[in-house]
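What pairs with what, and where do the chains meet?

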Amino acid sequence: MAYSIQDIATALGLTAEGNGALTVSGVAEPATCGPDQIALAMRPAYAEDLPHGQARAAMLWQGADWRALGLEAAILPPRPRFAMSGLSAMMDPGQGYAPGIHPSAVVDPSAILGTEVSIGPFCVIGPGARIGAGSVLGPQCHIGWKASLGDGALLHAGVRIGARVRIGARFIAQPGAVVGADGFSFVTPEVSGVERARESLGAEGTDAAQSWARIHSLGAVRIGDDVELGANACIDRGTVRDTLVGDGCKFDNLAQVGHNVVIGRDCLICAQVGIAGSTRIGNNVVLGGQTGVSDNLVIGDNVITGGATKVLANVPAGRVMLGYPAMKMDTHIESYKGLRRLPRLFRDVAALQKAVSKLVGND
Amino acid sequence: MAYSIQDIATALGLTAEGNGALTVSGVAEPATCGPDQIALAMRPAYAEDLPHGQARAAMLWQGADWRALGLEAAILPPRPRFAMSGLSAMMDPGQGYAPGIHPSAVVDPSAILGTEVSIGPFCVIGPGARIGAGSVLGPQCHIGWKASLGDGALLHAGVRIGARVRIGARFIAQPGAVVGADGFSFVTPEVSGVERARESLGAEGTDAAQSWARIHSLGAVRIGDDVELGANACIDRGTVRDTLVGDGCKFDNLAQVGHNVVIGRDCLICAQVGIAGSTRIGNNVVLGGQTGVSDNLVIGDNVITGGATKVLANVPAGRVMLGYPAMKMDTHIESYKGLRRLPRLFRDVAALQKAVSKLVGND
Amino acid sequence: MAYSIQDIATALGLTAEGNGALTVSGVAEPATCGPDQIALAMRPAYAEDLPHGQARAAMLWQGADWRALGLEAAILPPRPRFAMSGLSAMMDPGQGYAPGIHPSAVVDPSAILGTEVSIGPFCVIGPGARIGAGSVLGPQCHIGWKASLGDGALLHAGVRIGARVRIGARFIAQPGAVVGADGFSFVTPEVSGVERARESLGAEGTDAAQSWARIHSLGAVRIGDDVELGANACIDRGTVRDTLVGDGCKFDNLAQVGHNVVIGRDCLICAQVGIAGSTRIGNNVVLGGQTGVSDNLVIGDNVITGGATKVLANVPAGRVMLGYPAMKMDTHIESYKGLRRLPRLFRDVAALQKAVSKLVGND
């Protein structure tokens, strides 16, 4: 994977500055950059480290004086972070999974495999499963009965796709991700304490001891194109209909999506986020790490939550939220400033009470 | 799996209305229901969609006028959600795991398998392990040395049961669930900053740099009957005695139970809940998603926590809790209303101070 | 694994009291202790249960009158919890993994295995991988292309180590742990709502619908010696350089470490903690269960966070933090006392307003 600076610039739709024939075979930070790597110094502060390394070429910012930085070649993208996407794709050495179907894999005769599929050791492909052309499955994956994966999927080690799950093209899943576990749905024979507490906003618990009966998840999960799923993340199947995830959604490690949830397109769901059952999430929503969203809520398009926001009520489109319970971010910041100053406020009010009581006495 | 409406009603202990001989082979929501499915419309609002589908039979609410809804048959359960439990069990097509012991599975000769056990490809059953009659293990599971599973277990792909863990009858575990990992227990040679901070409620940290020595987990995990464990959920082994989980407890995905924890019977532990070491949880407790419970606490029977509640102190039986730190739910709602109005309160107090200072000056 | 009390005392660098020749083959709590076990009763309160069991020997506290407790032998460590570390290591029966390389394991011919390595059934060792001498891999593990494990590693079932990850000596990983999943790094073609919300602290969301482009993770993960990783915990690879974890760090179950994170030495990262991308954590830091740390922060040495602390800003060395957003623990306790009393404060201020308005009217 060696590329000339000209190759890279062309691939990114940009212009090569200087010696476009210079070839590089990797990327590096400025201080540790070797002569055969391209340095990433996308802000002036980072470029200060270039003299400590051996970079001859760099990706910089627009307008950077690359000659003054001692470089032979440069690429000056208008949005360097976006250029990094294309550059990193070119330079990714990948995981080195072998091509073809490993002889140890157990592929049901009724499974349908597309062309140029790679299936790693100890994978299990269930009856009636479909795997799209060009897909790569790392070792120890399981694709359940009648589940389907679109073209160009990349599953890392130990990914589990349950029965009847349908996934679009270019799906990427990190190790241990699980799609299609049963939803968490239980019911007591009589009205339970939880149901009563919800009705009354907490005033009443329960005395009766009851056991939980299982509601089976008869739905599956349907996932659009270009979706990614982090390590050990989980998306549960629906109760009657399918749990739905739209095109372009990305889920980080240990994220959890409950049964019947509907997620729009191009959402970013960060690590350890939990979305409880039957909640609907709009398009282009970003949920910060450890965000929690209660069940049966509606989150509008373009909503953004800060880290660890706990959403207990519907959120209108476009809102930026923070805190537990979630508030508009600016309200939150104002309120918590107040919280820190509360002890002083109590003292002030006590002083006022004293002063007023004296005044009243004086009257 | 086709059943007549009469079959279903009988199985649920209910009465079939109309043409009990009508057969259905699945369930559906009203709008998408086919002529061979039973529609679920357990509230009048849902029934409005029946004309958009082709349902001939439905599960409705008690007293529903099924004829007026254009149906040929109906079941009118007194508690429809509970009836859904039995109906969904009848209609569940399952995961399609093949019967018998897959030739690729590695079963130690000293393991004891009950009758009619199914063991999937690439499972590993350790020495001295016991698997109860009628149990089904999906692919790629591991049952450790001397671990035991009761009758009728259902383990989905990649479940790991550690050495000496003992589990009762009818255990269900979703993919990637782990029972019997080591507890997280470490100690420094000298008193550590954590120990000092706990003593002093945070006033004092530590300066000394110490390394952590491991305390091995010599106990195992003992789990009762009818317990379920979600995808990638974890229950750790105890230090000296076993971690204990009572009959009928249900754990959702990514839940975490620390070493030495004792959980009573019929608890519902929602997704991403964490219960720290040595805490005791009563019976019929419900912990909402992302709840955290600190170590060495006692949570009484019938306690309910709202989503993301962080429990830092003991909770008496029957309480409904919310927030971080956890408060009684009604106190929490009152306090957080105040928090949102804090900026105004600061302004009010400032105005009062001004007025009083003027009055004092006037005196 | 039977040891005399003298053997145990010697191994722990302590003195045996009484009959040092007495042998024990396990540890137990006082009430359930058999005659061939050593009871753990490290506080006087625990010793009260000794008469209910059959203990002949016990580990007690310094100065304990073991004869009066009816024992034949005892060990009286100055720091019993630390002595428990050595004792539990001696008594640990382990997981019973078989020695040698299981014939079902797929080991690439270019992988380099140290002496006396054990590799369980259905493990996959990728090309160019290195496994240090004396390492034990449980069943169904995956070691990626060119990844390396130091001497004396212990990997339980289903651990996944990605390509090019380098790990030091004596690494322990619980089932389902993942090292080297891709970082969660995405970028939109134009400036996104998240970027704008960060700039403005939440005042402005976004209207534009954009899709996310992937930034590939070209770095790996580098982990020092004596590190432990909990069940289903995740450490992501870096974008350009490696994610770094120092010697002696311990991670509990379901912990999450983002791309480019740098963690010092001897940190304790409890269950379900999340550390977002590019954050730097000092030495001897302890993060309580469910702590969250935002991206690009700096957490100083010896910082301690209480359970579920959400760190949204840098924390200087030595601080003890609690809450969301994180505050110094003593400030937090003071502020939240105030929060609970807020409803009363509102009433007090309303009363003051009335009194003052009357006084002003009286004037």
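This is a predicted model: local features need pLDDT of at least 70, side-chain atom pairs count only at pLDDT 80 or more; totals for chains, interfaces and linings use all residues.

I then followed β20(C) to its next partner. Three bridges tie β20(C) to β25 (residues 234-236) of chain C, again in the parallel sense. C:V179 turns up here too, with C:I235 as its bridge partner in β25(C).

**Chain A, strands**

I looked up the corresponding strands in chain A. β17 (residues 160-161) and β20 (residues 178-181) of chain A are parallel and joined by two bridges. The pair I noted is A:R160, whose bridge partner in β20(A) is A:V178. β20(A) also pairs with β25(A), parallel, over three bridges. In β25(A), A:I235 stands opposite A:V179.

Next I asked which sheet holds these strands in chain A, and in what order they come. I found an open sheet of ten strands, paired in parallel, in the order β8-β11-β14-β17-β20-β25-β28-β31-β34-β37 of chain A. Why is one side of β8 and of β37 in chain A left without a neighbour in the sheet? β8 (106-107) and β37 (310-311) stand at the edges and each has a single partner strand, so one side of each has no neighbour there.

β8(A) runs parallel to β11 (residues 124-125) of chain A, with two bridges between them. A:V106 has A:V124 as its bridge partner in β11(A).

**Chain A, domains**

I looked up the domain bounds and noted domain 1 (3-91) and domain 2 (328-362) of chain A. The C-alpha centres of these two domains of chain A are 56 Å apart.

**Chain B against chain A**

I turned to the contacts between chains. Chain B puts 78 residues in contact with 87 residues of chain A. The size of an interface is often given as the accessible area lost when the parts come together. For chain B and chain A I read about 6300 Å² buried, with carbon and sulfur atoms giving 64% of the area.

How many salt bridges are there between chain B and chain A? The count is three. One I wrote down is A:R214 with B:E228, where the closest N and O atoms are 2.6 Å apart. For polar contact, the interface of chain B and chain A has 35 residue pairs, both residues at pLDDT 80 or more. Among the elements that give two or more residues to the side of chain B touching chain A are α3 (80-91), α5 (329-340) and α6 (342-362) of chain B. α6(B) gives the largest share of that side, ten residues. By class, I have 42 nonpolar, 23 polar and 13 charged residues on the side of chain B that touches chain A.

I also looked up A:R241, whose side chain meets that of B:E29 in a salt bridge at 3.2 Å, N to O. A:R241 is in the loop between β25 (234-236) and β26 (243-245) of chain A, and B:E29 is in the loop between β4 and β5 (38-40) of chain B, so this pair joins two chains. Over all chains the structure holds 35 salt bridges.

**Chain C against chain A**

For this contact, 87 residues come from chain C and 77 from chain A. The buried area between chain C and chain A is about 6300 Å², with 64% from carbon and sulfur atoms. Which residues of chain C lose the most area to chain A? They are C:F184, C:W212 and C:Y324, together 12% of what that side buries.

I found three salt bridges across the interface of chain C and chain A. A:E29 forms a salt bridge with C:R241, with the closest N and O atoms 3.3 Å apart. The polar-contact count between chain C and chain A is 35 residue pairs, both residues at pLDDT 80 or more. The elements giving two or more residues to the side of chain C that touches chain A include β20 and β25 of chain C, as well as α4 (193-200). The largest share of that side, nine residues, is from α6(C).

Key:
Residues are numbered from 1 along each chain as its sequence is written. Chains are lettered from A and ligands numbered from 1 in the order in which they are written. Side-chain values use heavy atoms; hydrogens and water are left out. Contact means heavy atoms within 4.5 Å. Buried area is the accessible area (1.4 Å probe) that two parts lose on being put together, summed over both. A salt bridge is a side-chain nitrogen of Lys or Arg within 4 Å of a carboxyl oxygen of Asp or Glu. A polar contact is a pair of N or O atoms within 3.5 Å; within protein, one must be able to donate a hydrogen and the other to accept it, and residues adjacent in sequence count only if both atoms are side-chain atoms. Helices (H or I, at least four residues) and strands (E, at least two) are DSSP runs, numbered from the N terminus. Ala, Val, Leu, Ile, Met, Phe, Trp, Tyr, Cys and Pro count as nonpolar, Asp, Glu, Lys and Arg as charged, and the others, Gly among them, as polar. Two strands pair if DSSP finds at least two bridges between them. Domain bounds come from an automatic or database domain assignment.
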